[in-house]
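Here is a briefing on one predicted model. It covers a cavity, a residue and a helix pair.

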Amino acid sequence: MDTNIEDRCTQNPLKRNLKDSVFSDLFSEEWYASNLARELVPEIPDGTPVKVSNAGSVMSPGPIHDLVLIAGDYAIVAVEAQSTKNPNMPMRILLYEFDILAPMLHGPRRELLSGAHAKMPMVLAFVIYTGSGEVPEVMRLSDCYPDRPPADTGMELTVKVIHASNAPKGSKVSEYIRLCQLADGCRKEAKGDMELYARLLKERSEKANILQEYLRREFGTSS
């Protein structure tokens, strides 16, 4: 590939915030998607086909980098890098869940009216947190209503937060988190100089041996 990371960061506005688009680009690839699915849900058997799509048609007309991975009996919602805590994340995931399941109900809609369980994938939600502050291990939909007492009949939804401390060691998701943290540090150090930012990120990601196969192919981080 004749372009390099400096060119891509300068030419493409999405690449100026590299981590924003790397998540969906990286984990949309079949091999990386399969690995991410099993890293997040170890119960998924090896060799299970994984179908990947972007989430969020109900959220925004702009670019959405969150992913939905359909793997066997699971529908995994994986939300792109979050460097700050977002207390509304469970509500965002809830909208994604409706968006995922609604099209699947067109066929088995009658099953919902029968006495048997409808055959639908189990939706599991994850947020990939790349910041340095403390975050909870789990976020709940009820947390979105801090001023209201919990209702016995209220609907609940849980979102697992994946961060540097609990990501599986040696996993691609842990490398991705480290890349985002490097990118944040390089951007702060570069102070708006995109060429310097790209050069720093190239040097430091190579030194740390982070996602080198992907970065080398996509951004020319190696000569």
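The largest cavity is lined by Gln82, Thr84, Lys85, Asn86, Met89, Val127, Tyr129, Val135, Pro136, Met139 and Val161. The model is predicted: local features need pLDDT of at least 70, side-chain atom pairs count only at pLDDT 80 or more, and totals for chains, interfaces and linings use all residues. Numbering starts from 1 along each chain as its sequence is written, and side-chain values use heavy atoms, without hydrogens and water.

**Cavity**
- A cavity is a set of points, on a 1 Å grid over the protein atoms alone, where a 1.4 Å probe fits but cannot get out; lining residues have an atom within 4 Å of a point.
- One cavity of 30 Å³ or more is counted.
- The largest cavity has a volume of about 60 Å³, taken as the space filled by probe spheres set on the points.
- Its lining has seven nonpolar, three polar and one charged residues.

**His163**
- His163 sits in the loop between β6 (158-162) and α6.
- Leaving out residues up to four places away in sequence, His163 touches Tyr129, Val135, Glu137 and Ile177; contact means heavy atoms within 4.5 Å.

**Helix pair**
- The axes of α6 (residues 172-190) and α7 (residues 194-208) come within 9 Å and cross at roughly 140°; angles run from 0 to 180 degrees between N-to-C directions.
- Residues of α6 that meet α7 include Leu179, Leu182 and Cys186.
- On the α7 side, Leu196, Tyr197 and Leu200 are among them.
- By class, the α6 contact with α7 has nine nonpolar, one polar and three charged residues.

Definitions and conventions:
Helices (H or I, at least four residues) and strands (E, at least two) are DSSP runs, numbered from the N terminus. Ala, Val, Leu, Ile, Met, Phe, Trp, Tyr, Cys and Pro count as nonpolar, Asp, Glu, Lys and Arg as charged, and the others, Gly among them, as polar. On a 1 Å grid over the protein atoms alone, a cavity is a set of points where a 1.4 Å probe fits but cannot get out, and a pocket is an open set with protein on both sides within 12 Å along at least five of seven lines; lining residues have an atom within 4 Å of a point.
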